[in-house]
Amino acid sequence: MQKLPTRKKLNDLIINIARYTEIFMSCIITCVIIIMIFNLIIHLPETLSTTIENDGFNQFLSSALGLVVGIEFVKMLCNYTPETVIEVLMMATARQMVVEHLSPINTLIGTFAIAVLFAIRRFLVVPDVKKANDRKKAHEDGED
């Protein structure tokens, strides 16, 4: 058996540390998201009572969509595929457009950006072969 050079061992160690750090950070972010979801639910009655008066709904929507983007981000950290990266970018762009009430030009640019992301996902991202086969089989079963 051939010994790995010290540099290769060090590179492997660094890569493993980075992987475990990502997993650890994903766990921390997930815990914070869960806590924030409970916080959002607890403050829901206050939000509903002040919705008309002080933009309570916009604050609620901003928080809720921020949590959705956070969930998508954790999914991306755990499963880095082009699909998950594109999903995170689409969710973040859509959240920005909905919450910030952008100018018409910025809304048009955001819509164009989401359309480009959809096109990239549809035409440039190669789907996982197993997922594609499962979808094809489910489609064929539905036609019979």
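Visitor: How many residues line the second largest pocket, and which lie nearest its centre?
Guide: In this predicted model, the lining of the second largest pocket is made up of 13 residues. The space inside comes to about 220 Å³. Nearest the centre are L40, H43, T47, F60 and S63.

Visitor: With which residue does the side chain of S62 make a polar contact?
Guide: S62 has its place in helix α3. Setting aside neighbours within four places in sequence, S62 is in contact with R95 and V99. The polar contact, at 3.0 Å, joins the side chain of S62 to the side chain of R95.

Visitor: How many disulfides does the structure hold?
Guide: A disulfide here requires two cysteine sulfur atoms within 2.5 Å. For C27, the nearest cysteine sulfur is that of C31, 6.7 Å away, and C27 is in no disulfide. For C78, the nearest cysteine sulfur is that of C27, at 7.4 Å, and C78 is in no disulfide either. The number of disulfides in the structure is zero.

Visitor: Is C78 buried or exposed?
Guide: The exposed class begins over 50% relative accessible area. Because its relative accessible area is 56%, C78 is exposed.

Visitor: Where does V126 lie, and what is its relative accessibility?
Guide: V126 lies in the loop between α5 (104-124) and α6 (129-143). Exposed means over 50% relative accessible area. V126 counts as exposed because its relative accessibility is 70%.

Visitor: How many Å apart in space are V126 and E83, C-alpha to C-alpha?
Guide: In sequence, V126 and E83 are 43 residues apart. V126 belongs to the loop between α5 and α6. In space, the C-alpha to C-alpha distance between V126 and E83 is 9.0 Å.

How values were computed: Residues numbered from 1 in each chain as written. Predicted model: local features only at pLDDT ≥ 70, side-chain atom pairs only at ≥ 80, totals over all residues. Heavy atoms only, no water. Helix = DSSP H or I, 4+ residues; strand = E, 2+ residues; numbered from the N terminus. Polar contact = N/O pair within 3.5 Å; in protein donor to acceptor, adjacent residues only side chain to side chain. Contact = heavy atoms within 4.5 Å. 1 Å grid on protein atoms, 1.4 Å probe; cavity = no way out; pocket = protein on both sides within 12 Å on 5 of 7 lines; lining within 4 Å. Points joined across faces, edges and corners; volume = space filled by probe spheres on them. Buried < 20%, exposed > 50% of the residue type's maximum accessible area, 1.4 Å probe, protein only.
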